[in-house]
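I'd like to talk through a few side-chain contacts.

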Amino acid sequence: MPLSFQELLFEFYALVNLCRISLDNLRTYLGPVFTRESQLPKSIRDVLEGETTCPIYHALAGQDLLHYLMDVRNCLVHYRSLATSDNALVLKEGIDPTDVIGSGDPFFAAMARAYFRHVGEGAISVNVYVPDRIFQMDSSGNKKLATFTYDERWNLLSTARNFTQLAVASLSLALHCLRDVPNASFEFTTRPRSTRPTPPSNAE
């Protein structure tokens, strides 16, 4: 179990990064349909913080799943790791983890949490959950790492599938756009930082 758990988290980390890279690279595919004056940023987050007439970016801006993907990637790269020790901790459904491991320093707590339940005689089902949200706003309006909760029971494998579907669907739309839009007609402009929209801190 420990080795399998570690491999699962490694694959999830790789998938999160690949999905984010794919979405960043939409700018490469969509470049020909933007006017010459439009300089698309390298990061999709920066694109969404600007103003554009492209319907694909408009659709992505309203996707809570995309913001959750970006938050997960940002967390894994800059704040917390999915890494687990040689001993995998899998709790029974309904058990409060603080009853087992104590409160401790949350920095060292696993980002993904595994639970098991009995599904038949001698059989168990194990689910790995990702946090309900990654970041939250403090009283001053600054974004900070949230206290991880798992009430929504977002399964890691289902989340990975949803991330993949989002990336594939976005790339497919970009290719269809190249086919259907004959001229460079879309525009992009950078929005002043003070007027940029605040992305959601949760993917509900």
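So, start with Glu-93: at 25% relative accessibility, this residue counts as partly exposed (buried is under 20% relative accessible area, exposed over 50%, partly exposed in between, with a 1.4 Å probe and protein chains only). Quick housekeeping: this is a predicted model, where local features need pLDDT of at least 70, side-chain atom pairs count only at pLDDT 80 or more, and totals for chains, interfaces and linings use all residues. Residues are numbered from 1 along each chain as its sequence is written, and side-chain values use heavy atoms, with hydrogens and water left out.

Who does Glu-93 pair with? Its side chain meets Arg-153 in a salt bridge, 3.4 Å N to O (that's a Lys or Arg side-chain nitrogen within 4 Å of an Asp or Glu carboxyl oxygen). Glu-93 sits in the loop between strand E2 (90-92) and helix H6 (97-101), and Arg-153 in the loop between E6 and strand E7 (154-155), so the pair ties together parts 60 residues apart in sequence. Helices (H or I, at least four residues) and strands (E, at least two) are DSSP runs, numbered from the N terminus. Arg-153 is partly exposed too, at 34%.

The whole structure has five salt bridges. Another one joins Asp-71 and Lys-143 at 3.2 Å, N to O. Here Asp-71 is buried, at 2%, while Lys-143 is partly exposed, at 32%. Arg-45 is linked with those two in a network of salt bridges.
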